[in-house]
Amino acid sequence: VTARRREERLIDVPISVSSFSGQQLEERGAIDITDISNYTPNVTLEASRATNSTLSAFIRGIGQQDPVSGFEQGVGIYLDDVYLNRPQAAVLEIYDVERIEVLRGPQGTLYGRNTIGGAVKYVTRRLPQEPALKAKASYGTYNLAEGVVTASAPINDIVRVGGSVARLSRDGFGENLTLGTENYNKDIWAGRASVEMGGYGEPVFLRIQGDYTKDKSNPRGGHRLIPGLNSGAPILDNVFDTRGGLNDPEQQVESYGLSMLAEIDMGAGLTLRSISAWRKDDSSTPIDFDALPAVDLDVPGLYQNEQISQEFQILYDNGPLNGLLGFYYLDAKADTLFDVRIFTTFNGLTAFTRADVDTETYAIFGDLTYDIGDRLSVSLGGRYTWDERRADILRQNYLGGGSPFFGGAGIPFGAPSTNFDGSREFKKFTPRASVSFMPTPGHNLYASYSKGFKGGGFDPGGVGANAPAATPGRPTDA
């Protein structure tokens, strides 16, 4: 595993970590990253917000349920050491994977972005030195059809190119009885391509990688646990059926990104590493919270996210002392727009929210381990984080239909209940320490202490008019 950013045996790592190889995941029939929560203690990973692609992640009860832009996640998702700043498009499909690691607890002294609950690392395979072609296809119930084709070839002794294309589809488990569409189906195309240079004994390794995913699955409609209070609509027998009547905007999730990893072996146990990345994703989704044809808590939503990040690491592994020193920078934009249509309360009444939240963060972190003999080792680490969050939040009521942002004919009703533009800075030092004792080569007894930090946020769902006048739009510090 590489839980401490260097290759080690799992038993040697004094961190609560679970690791699954690509072969193990294939044998267990894992389809996407949420499947690992089925056999990983204290971990919950679920697709949420009526999609196959938005992730709700919890480790030891810490996470984020609501994927709106105002708050940071409690669990960090990493794709080849690139932190995914938003939960949209974070349900990664499992293909061409080397392993997936789950680390519990704060990881700020070892990873670029501080996370308070833990981290999930998705690690893809490096390209082989020989030409390779692999195809995988499967068919199952509900017309599940999956196909993955992976190919790679060397250009010369140093350069290799390769890529994968995946098609993942399945009929729905149920039906939307109002719209006549499938419910809980899957319709996904995904691809990944990379160019690698060096490695395999060479002192320099460089990988440039791009990925793309498009999910056009139908929205997942909810199952009501009580009859309709006004309509008397009964509880449906099939929990995968729904009566939700919202069908705009058309559900679609598109995500893509580029990353570059560079490693230089300086000799004498010293390695320099750089991780650069740019990512973007756009999601449109209709969420019918009441799961009935009536326009009551019907929420069409748009999520638009973009991020750039840069991480530098100095790694040392020579004799009894090993560790790393790192610097991390992230500049991220997260825009969330949604209507809340409550026509059953007052015909044509819509509460529209636009929340544009930008994050800029810097961090310096380090972690050192010293082996005191063959059995005993101690680790010390620390991190200092600077976070700045800027928010522009508008909450406006409309009458006569949905808001114009979602094609409605509504007109503004009253003054905005929230019209906020502000920023807040957060700074924090967080430490980590552990002691590890191995009585035998196959057993590790350890005690660890770590502290995490998450900067405050701006609640786009809150009503600014209700906040005290002395602290309008005051963010919450976590």
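Predicted model: local features only at pLDDT ≥ 70, side-chain atom pairs only at ≥ 80, totals over all residues.
At least two lining residues come from each of strand 2 (43–48), strand 13 (181–183) and strand 17; strand 17 gives the most, with 3 residues. By class, the lining of the second largest pocket holds 11 nonpolar, 12 polar and 6 charged residues.

The largest pocket contains about 870 Å³ of space. Of the 34 residues that line the largest pocket, T2, E7, R126, E263 and R273 lie nearest its centre. Two or more residues are given to this lining by each of strand 7 (97–104), strand 8 (118–124), strand 15, strand 16, strand 17 and strand 18. The lining of the largest pocket divides into 11 nonpolar, 7 polar and 16 charged residues.

The volume of the largest cavity is about 190 Å³. It is lined by 19 residues, and those nearest its centre are A89, V91, L92, E93 and T213. Strand 14 (186–198), strand 15 (204–215) and strand 16 (252–267) are the elements giving two or more residues to this lining. The lining of the largest cavity has 10 nonpolar, 4 polar and 5 charged residues.

The second largest cavity holds about 120 Å³ of space. Its lining consists of 14 residues, of which L84, Q88, R279, D281 and Q307 lie nearest the centre. The elements giving two or more residues here are strand 17 (270–288), strand 18 (296–318) and strand 19 (321–342). By class, 3 residues of the lining of the second largest cavity are nonpolar, 5 polar and 6 charged.

Terms used. Residues numbered from 1 in each chain as written. Heavy atoms only, no water. 1 Å grid on protein atoms, 1.4 Å probe; cavity = no way out; pocket = protein on both sides within 12 Å on 5 of 7 lines; lining within 4 Å. Points joined across faces, edges and corners; volume = space filled by probe spheres on them. Helix = DSSP H or I, 4+ residues; strand = E, 2+ residues; numbered from the N terminus. Nonpolar A, V, L, I, M, F, W, Y, C, P; charged D, E, K, R; others polar.
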